[in-house]
Amino acid sequence: MSAESGTAEDTPERAGLGLSGSPTWALFCDWCVATERSALPAAASTLARFLDAHPAPASTQRRRVADIDTVHRRSGLAEPGHTVAIRLAVDERRRDRAALVRAAAETIIESIPTHGWPSGLFGRRDAMILTLIASGMTSTEITALQRGDIAVDNSDLVVSGEHRIAGTLFGDRPAYEPVAIHRRWAELQSLLDGAATSRMVADALDPNRTPAPNSSAPVYQLPAAYASEPLLVRIDRWGHTPWAPEPLSSRSAGTLTRAHLTGQPPTRRDRTAQPESGSGPDPVAPHDLVLDPSYYAHGIAARRDAHDRLSDMGGQLDDIDNSIDALLRRLDDIVGNAEAS
């Protein structure tokens with residue numbers, strides 16, 4: 001039997017879908033049986049190993065991926081070929097582009113600021129963008145990511161459970177390994193989760209207060225409540241993020257990437273979020289404040305109560321306008337009667 005003749009006995013997967021005539025699917029099922037892997041559903045790692053075990057021109061590999069994806073789609077299952085690793089394996093153009101981005105990023109990643117207000121805020125996010133793009137992902141893919149899609153496995157980042165970003169993505173730079181880059185951005189996001197003020201964020205980004213990055217430090221654990229929030233968020237020019245985090249657009253992510261890679265990143269002058277000295281009493285530093293653990297919930301409750309109390313304010317103002325109109329009419333009547341007499 002030739003490699004893709006499809007003459008092997010039908011497996012339940014082939015018989016159930018009427019696909020015994022597909023050479024690619026027959027070959028894939030036979031290989032999965034031989035290697036004791038599941039063909040339906042197939043994991044992306046299984047498909048990647050199958051392609052590696054059966055070398056062929058890129059056009060043939062793309063056809064194989066398309067055929068296997070079709071079987072999964074007809075079965076109502078996730079398509080294993082729709083992962084970054086598989087697309088890189090079968091798309092030479094995309095693979096070459098990722099290699100060029102990675103090579104360029106190696107020379108500029110250390111120049112992206114990680115401290116200072118607000119440049120450190122933008123810099124930490126932009127470094128995360130550059131890391132994902134250099135790993136082979138597209139702007140559309142990275143802006144769709146949620147915070148819970150990122151996991152850490154030893155020195156590697158794992159995206160969506162399948163796409164692995166090696167710790168050596170940018171060479172031997174311990175402070176700029178993907179895990180360290182993600183940690184710095186995740187720590188800022190965790191600070192913003194607590195409704196931090198600009199002064200608090202500026203204090204956290206102060207290079208004289210923040211310890212140097214340490215790749216062996218424990219990784220921030222994301223609370224489940226924030227797992228569905230966007231990984232990459234919009235930041236306005238003053239360094240503020242929306243009350244409800246809004247995802248960065250794919251167009252903005254692409255623009256930022258090109259700006260960094262061409263040596264023309266946005267320039268942002270650092271400033272202080274504290275009042276200037278001599279303008280009044282010395283401000284209390286954020287780290288000296290002791291806040292009620294429930295201050296955020298109390299604030300939300302107060303706003304909700306105010307909303308309830310003021311919900312009928314429009315009607316009350318209308319009643320006042322009607323009363324004023326009635327008084328004016330009565331006044332006109334009184335004046336008219338006095339003149340008549």
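A: Let's start with helix H11: its buried residues pack against helix H6 (92-108), H7 and helix H8 (139-143). Packing here is about contact, meaning heavy atoms within 4.5 Å. Before going further, keep in mind that this is a predicted model, where local features need pLDDT of at least 70, side-chain atom pairs count only at pLDDT 80 or more, and totals for chains, interfaces and linings use all residues. Residues are numbered from 1 along each chain as its sequence is written, and side-chain values use heavy atoms, with hydrogens and water left out.

Back to H11, then. Which of its residues are buried? They are Ala253, Gly254, Leu256, Thr257, Ala259 and His260. "Buried" stands for under 20% relative accessible area, "exposed" for over 50%, and "partly exposed" for what lies in between (1.4 Å probe, protein chains only). H11 covers residues 250-261, and its end C-alpha atoms sit 17 Å apart, in agreement with the 16 Å that its 12 residues should span at 1.5 Å a residue. That expected span is 1.5 Å times one less than the number of residues. After H11 comes Gly263, with a positive phi near 75°. As for the labels, helices (H or I, at least four residues) and strands (E, at least two) are DSSP runs, numbered from the N terminus.

H7 leads us on to another helix. H9 itself runs over residues 178-193 and reaches 22 Å from first C-alpha to last, close to the 22 Å expected for its 16 residues. Just after H9, Ala195 takes a positive phi of about 55°.

E1 and E2 run antiparallel and are joined by 4 bridges; two strands pair if DSSP finds at least two bridges between them. Their hairpin has 2 residues between the strands, and Asn154 there takes a positive phi near 55°. Across the pair, Ile150 stands opposite Val159 in E2.

Val159 deserves a stop of its own. Val159 counts as buried because its relative accessible area is 2%. Leaving out residues up to four places away in sequence, Val159 touches Leu132, Met137, Leu145, Asp149, Ile150 and Ile165. Val159 and Arg147 are 12 residues apart in sequence and 9.9 Å apart in space, C-alpha to C-alpha.

Finally, step back to the whole chain. The chain has 13 helices and 3 strands, and buried residues make up 35% of its 341 residues. Of the contacts with a separation of 6 or more, 61% are between residues 24 or more positions apart. The chain exposes about 19700 Å², and carbon and sulfur atoms supply 53% of that; such accessible areas come from the Shrake-Rupley method with a 1.4 Å probe, and for residues only the protein chains shown count as cover.
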